[in-house]
Amino acid sequence: MNAWQQFTLTHVPLQDWRSGSYLHRSIVGILRSWRQSSLLIQWADQIAAVLLSLIFVLAPFVSSTLIGLLLVACGGFWLLVTLTDIRDQAKLTSVHLLVLLYWGIATVATAASPVKSAAFVGWTKLTLYLLMFALAARVLRSPRIRTWMIAIYLHVALLVSVYGLRQWFFGATALATWVDPESPLSKTTRVYSYLGNPNLLAGYLLPAIAFSAMAIFAWRGWIPKVLALTMLLVNMACLILTFSRGGWIGLLALVVTLLVLLVYWLSIQLPPFWRMWSLPILLVGMLSVLILAILFVEPVRDRVLSIFAGRGDSSNNFRINVWLAVIDMIRDRPILGIGPGNTAFNRIYPLYQQPKYTALSAYSVLLEIAVETGLIGFFCFVWLIIVMLSQGLTQLQRLRQHNHREGFWLMAAIAIVVGMLAHGTVDTVWYRPEVSTLWWLTVALIAGYLNASVSEPNPGNSTVATQQY
């Protein structure tokens, strides 16, 4: 157990590191004398929440360039707040440390890249995402801001899903060859809403499904709960109608994780029979619905069976050929990879690709990380995931003991990590701004729960908890 706790950084002495770190002492708080007289800094968390909210409001509708400018603004504001922060209030977590370690590995990989200028472009994008994470992790310690930002994203996602459903009922022109032209699904509409790609839309909606499901429990009042249920049904319907196989795999992993966590959360209130049998009944029921859909809904059956068609499906065949080329790339540069970003990938991949199988990415997040930052970066990323899930579950257990309503958002975040990883195993929409910002928001959400004290009234509990969670 001690070895596991050390591996997951459960008891890492961050306070001692902070007090002994020259970098921390020389940067954090050097402008704190300006803090008392600055109205801007006194409203820092609220301003940061507005900047972050703008990203999630605009992401599905605007160009990546504008999102990049907002990320620059978030990074600049985080730097300003850090320089004026009170040192004792600058909270770090083990998640922060591993994110910083991953950034350091990506930095070294950029310096060692055979295409340094191209890798620098990817490094810049990664840095902007991580600065957004740092700012979000700071403000998401507040339950009010946390609930606000989740609500903002859910309302935008509802608009995106409604437009997607409209495409299903009224038709939509395919903007690319998303299915095998010889497949029975070649004439089937795959919705893509404002995002222009059904796989990207599926990745965008996965977090919305988790958050809307938990909003049913977290939001107070019947009207908000009905709204949350409506969001859940609309988002799930829209994701299913993308006919994204990776999205469906991610949805299945996400729903199973949510059910397990929800039953665990509610088990202390359930009678002994339901405590033992509620999860098996729910999983069997979900499996029955899935089997019935495969048996009686032809488009679903064709799409699911194509997953197991191997090279018999053109999309499968394309991905397999890309994966084999990427594995060769990893084999040639196994330590630090080729450097981060799709620009570096596009410079190196043509040297390995099989004829007629051009690709913009590795079509697998895990392979993409390994090819960009080598096995060192890959193991660091896996370590980050393990620490997030382990410490997230530990905090969830503490919240459960006090029946704290904020635990529902933490369950959603854990399920999102699992669902997006499952989807990312066979796709790389993760690297698009619409999805990447949601991933780092989720990581920041989990980090925000670590070492954060409940200092605000709990909306779902008349008693204010004062313990650390």
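## Exercises on a predicted model

The model is predicted, so local features need pLDDT of at least 70 and side-chain atom pairs pLDDT 80 or more, while totals for chains, interfaces and linings use all residues. Numbering runs from 1 along each chain as its sequence is written, and side-chain values use heavy atoms, leaving out hydrogens and water.

**Exercise 1.** Find which residues touch the most other members of the largest nonpolar core.

*Solution.* Start with the term: a nonpolar core is a set of buried Ala, Val, Leu, Ile, Met, Phe, Trp, Tyr and Cys residues joined through side-chain atoms within 4.5 Å. Buried means under 20% relative accessible area, exposed over 50%, and partly exposed in between (1.4 Å probe, protein chains only). The largest core has 115 residues, and Tyr204 and Trp439 touch the most other members. Next, look at helix H11 (residues 198–218), which gives this core its largest share, 14 residues. Lastly, another core lies apart from it, with 18 residues, including Ile330 and Val371.

**Exercise 2.** Work out how many helices and strands the protein has.

*Solution.* Take DSSP runs, numbered from the N terminus: helices are H or I, at least four residues, and strands are E, at least two. The count is 20 helices and zero strands.

**Exercise 3.** Decide whether Cys74 and Cys238 are buried or exposed.

*Solution.* Cys74 has a relative accessible area of 0%, so Cys74 is buried. Cys238 is also at 0%, and therefore counts as buried.
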